[in-house]
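Student: Hey, can we go through this structure together? I'd like to know what I'm looking at.

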Amino acid sequence: MPEPLYRLDQAVARAAVAAAVYDRRFHPVAASELPGLRLHVSVLGDLREVAPDAVEVGVHGLVIRCDGRRGLLLPQVAAERAWDRRQFLDETCRKAGLAPGTWRRPDCALLAFTATVFSD
């Protein structure tokens with residue numbers, strides 16, 4: 001999932017357009033909203049398998065892969081929402097459309113990464 005497919009500048013431009021126009025969770029951004037927008041870019045580090053008890057809230061982002069589903073949450077999400085480790089793991093499952101606690105299953109892959117965040 002977070003493996004690079006494009007150069008960083010191309011990936012940022014593509015992601016910005018996709019988030020502004022094509023994210024079905026939200027209405028497309030209107031031209032009148034552009035002056036109020038802020039840009040945050042998270043450059044993801046390498047994915048590594050991680051044991052659930054080694055997850056560090058505020059340091060690690062998480063990816064879960066299970067039953068043909070994938071979910072990713074950035075490191076800052078758990079910190080901003082004051083989640084503990086277990087809630088971060090459960091919310092990553094929810095992001096993938098999986099039941100909370102699915103991260104405990106031995107047939108599921110739990111991966112961690114770090115991120116460098118840039119903002120305007």
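This is a predicted model: local features need pLDDT of at least 70, side-chain atom pairs count only at pLDDT 80 or more; totals for chains, interfaces and linings use all residues.

Student: OK, what's the strand order in the open sheet?

Tutor: The 4 strands go β2-β5-β3-β4, with antiparallel pairing. Strands here are DSSP runs of E, at least two residues, and helices are runs of H or I, at least four residues, numbered from the N terminus. Two strands pair if DSSP finds at least two bridges between them.

Student: Which strands stand at the edges?

Tutor: β2 (48-49) and β4 (69-73) do; each has a single partner strand, so one side of each has no neighbour in the sheet. As for β2, 2 bridges join it to β5, and Arg48 stands opposite Ala112 in β5.

Student: Switching topic: how many residues are in the largest nonpolar core?

Tutor: That core has 18 residues, and Leu62, Ile64 and Phe88 have the most contacts inside it. β3 (61-66), α2 (75-80), α3 (85-95) and β5 (109-113) each supply at least two of its residues. A nonpolar core is a set of buried Ala, Val, Leu, Ile, Met, Phe, Trp, Tyr and Cys residues joined through side-chain atoms within 4.5 Å. Buried means under 20% relative accessible area, exposed over 50%, partly exposed in between (1.4 Å probe, protein chains only).

Student: And what does Leu62 touch?

Tutor: Not counting residues up to four places away in sequence, Leu62 touches residues including Val50, Phe88, Leu110 and Phe113. Contact means heavy atoms within 4.5 Å.

Student: Which cysteines does the disulfide join?

Tutor: Cys66 and Cys108, with S to S at 1.9 Å; a disulfide is a pair of cysteine sulfur atoms within 2.5 Å. Cys66 is in strand β3 and Cys108 in the loop between α3 and β5, 42 residues apart.

Student: What about Cys93?

Tutor: Cys93 is in no disulfide, as the nearest cysteine sulfur, that of Cys108, is 7.4 Å away. Cys93 counts as buried, at 0% relative accessibility.

Student: Last one: what do the buried residues of α3 pack against?

Tutor: They pack against β3, β4, α2 and β5. Among those buried residues are Phe88, Leu89 and Cys93. After α3 comes Gly97, whose phi is positive, near 80 degrees.

Definitions and conventions:
Residues are numbered from 1 along each chain as its sequence is written. Side-chain values use heavy atoms; hydrogens and water are left out.
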